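I opened the notebook to record what I looked up in this structure. The entries follow the order in which I went through the topics.

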Amino acid sequence: MLLYVRIRFNNQHYMKHFWFIACLQVLAACALAQVSIIPQPVGLKMPGSAGNFSITSKTSIYLEDARLAPSAAFLNDYLKQIYGFTLPVKKKAGTAPGIRLRHQTTASPREGAYTLQVDNQGIAITSETEQGAFYGIQTLIQLLPAAKNTTLSIPFVSVTDYPRFQYRGMHLDVGRHFFPVEFVKKYIDYIALHKMNYFHWHLTEDQGWRIEIKKYPRLTQVGAWRDGTIIGPYPGTGNDNIRYGGFYTQKEVKEIVQYAAQRYITVVPEIEMPGHSSAALTAYPHLGCTGGPYKVQPTWGVFKEVFCAGNDSVFTFLQDVLDEVLPLFPSKYVHIGGDECPKESWKVCPKCQARKTANNLKDEHELQSYFVQRMEKYINSKGKIMIGWDEILEGGLAPNAVVMSWRGEKGGIDAANQGHDVIMTPVSHVYLDYAQAKPEDSLVIGGYTPLKKTYSYEPVPAELDASKNKHVLGAQGNVWTEYMGYPSKVEYMIFPRMSALSEVLWSPREVRNWEDFEKRLEMQVLRYGLWGANYNKKFE
Ligand code: TNX
């Protein structure tokens with residue numbers, strides 16, 4: 001557009017001042033076009049007098065409150081990585097034009113809220129909470145040009161903003177495929193850049209146990225490794241026979257949790273029980289009903305080998321594991337899985353049957369409920385709240401559990417009606433392992449969840465009685481990695497759907513608009529490029 005104006009500007013046949021005005025208009029339009037923020041803020045105003053403030057390497061960040069240092073650090077990291085310079089941070093208020101980070105004290109601070117003002121005095125971000133300032137920084141980052149080697153000129157704008165939901169999550173399965181610490185950190189950055197605040201880290205699976213537990217070294221010596229992986233889509237055309245695995249040491253876990261905390265992201269660990277436990281059973285076969293042998297699975301699906309519900313040493317083992325896991329994660333939540341646990345082995349196991357009789361349990365669903373409730377008691381005794389997939393509703397819900405509704409919305413609705421908090425993660429809209437185009441454009445697990453479908457998601461189910469809406473904490477995108485063997489495939493699957501989900505979770509329902517989002521996505525796609533992130537270019 002600018003090029004067009006320049007060409008016309010040189011044309012002698014036109015009155016120069018006419019083109020001058022036209023040019024100004026186009027520049028103003030370009031400035032407007034630059035304001036392309038995802039998730040869409042609650043309120044955004046362009047002042048009557050258009051103008052710009054330019055950030056140079058001499059622009060100071062005035063940290064008016066020391067608690068906002070992580071926000072300044074994030075901005076500087078971003079500037080360094082993308083534009084090649086950092087800004088001086090002054091631990092005081094200043095009068096010169098610059099970037100001001102201000103804390104405002106109020107009696108009841110609104111979590112995550114901030115205002116951002118750009119004028120000829122520079123940029124002021126004011127917030128009542130530390131997270132608020134951090135989200136203001138994310139907006140500022142999106143006001144920067146989505147190109148390298150250019151002036152960092154920012155249009156005058158005024159933003160008022162706060163999140164709609166308190167739980168804005170992304171999940172990553174590191175069991176099916178293992179991802180290095182560096183990528184996990186990158187993933188956490190992606191979460192931060194989308195103003196999301198929970199990272200659900202799925203750490204144990206049939207195909208690999210991924211967290212060091214000092215009391216049970218075989219979990220990672222044996223359980224973190226599998227003899228190859230199936231080739232191609234399930235059931236596969238054979239096994240590649242390449243030993244595959246990896247795990248995170250507790251030191252690495254601490255580093256990741258701290259990295260996330262600096263970005264106001266809570267890491268929720270998931271330790272799967274009673275199902276999806278082949279890797280643990282391979283390491284310690286006495287924890288299964290038959291005593292094994294078991295194997296770390298090279299293929300996908302649901303396996304009938306599960307933790308024995310009749311053996312007390314299983315509970316001792318899991319409590320010991322949690323004794324090491326919980327101190328690593330400041331999160332008030334811990335996820336125990338609870339999904340897809342076949343009951344065949346329990347039906348023929350004398351110990352499981354004895355447990356059923358002793359506790360007057362009507363069937364194996366109630367036995368699973370016994371298992372989960374016993375673990376919940378332990379988790380609660382440690383001051384933590386248990387999350388489980390919606391199968392934990394079957395056979396009776398543990399009294400204080402939070403339910404993650406994945407097989408649709410029903411689990412979430414039932415749990416909320418019983419007065420439980422819920423996190424919505426229905427396969428229909430937020431399974432980011434599902435295909436995003438038709439025909440499928442890469443090897444995926446199946447399904448069809450195009451971008452528009454994710455964007456259209458409404459986390460508060462229409463059927464839910466309004467008095468129960470408060471139980472919907474938010475929603476989460478799930479990233480199961482059976483068919484994501486390397487980081488760039490994960491990026492390809494999450495982008496751009498994660499950007500759509502961030503708007504579902506952050507923006508007021510009334511400001512969500514598909515056509516407008518599509519327009520803003522043009523700039524977001526350029527940002528993916530700046531981040532060096534892969535993404536699906538043929539999104540529907
Ligand atoms: C179901 S969602 C699972 C996962 C699979 C996923 C594939 C859930 C709680 N369990 O184990 O990876 O489907 O989409």
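Below are my entries on the ligand, a pair of helices and some backbone details.

**Entry 1: the model.** I noted before anything else that this is a predicted model.

**Entry 2: around the ligand.** I asked which residues surround the ligand. I listed Arg 176, His 276, Asp 339, Glu 340, Trp 389, Trp 406, Tyr 431, Asp 433, Tyr 434, Ile 445, Trp 480 and Glu 482. I then sorted this shell by class and got 6 nonpolar, 1 polar and 5 charged residues.

**Entry 3: polar atoms at the ligand.** I looked up distances from side chains in the shell to the ligand. For Glu 482, I found an N or O atom of the side chain 2.6 Å from an oxygen atom of the ligand. For Asp 433, the side chain has an N or O atom 2.7 Å from a ligand oxygen. Glu 340 faces another element: a polar atom of its side chain lies 3.3 Å from a nitrogen atom of the ligand. On its own the ligand has 360 Å² of accessible area, and the protein covers 94% of that.

**Entry 4: two helices.** I turned to helix α9, residues 312-325, and helix α12, residues 364-381. At what angle do α9 and α12 pack? I read an angle of about 40°, with the axes 11 Å apart. The crossing of α9 past α12 is right-handed. On the α9 side, the contact is made by Asp 312, Val 314, Phe 315, Leu 318, Gln 319, Leu 322 and Asp 323. On the α12 side I wrote down Tyr 370, Phe 371, Arg 374, Met 375, Tyr 378 and Ile 379. By class, this contact has 9 nonpolar, 1 polar and 3 charged residues.

**Entry 5: cis peptide bonds.** I looked for cis peptide bonds and noted one between Ile 38 and Pro 39, where omega is about -5°. Pro 39 sits in the loop between α2 (16-34) and β1 (43-45). I noted another cis bond from Gly 292 to Pro 293, with omega near 5°.

Entry 6: Lys 195 belongs to the loop between α5 (181-193) and β11 (198-202).

Technical notes:
Residues numbered from 1 in each chain as written. Predicted model: local features only at pLDDT ≥ 70, side-chain atom pairs only at ≥ 80, totals over all residues. Heavy atoms only, no water. Axes fitted to C-alpha atoms, helices over the stretch in contact; angles between N-to-C directions. Helix = DSSP H or I, 4+ residues; strand = E, 2+ residues; numbered from the N terminus. Left-handed = near helix turned anticlockwise from the far one by under 90°. Contact = heavy atoms within 4.5 Å. Nonpolar A, V, L, I, M, F, W, Y, C, P; charged D, E, K, R; others polar. Near = heavy atom within 4 Å. Polar contact = N/O pair within 3.5 Å; in protein donor to acceptor, adjacent residues only side chain to side chain. Areas by Shrake-Rupley, 256 points an atom, 1.4 Å probe, with all protein chains shown as cover.
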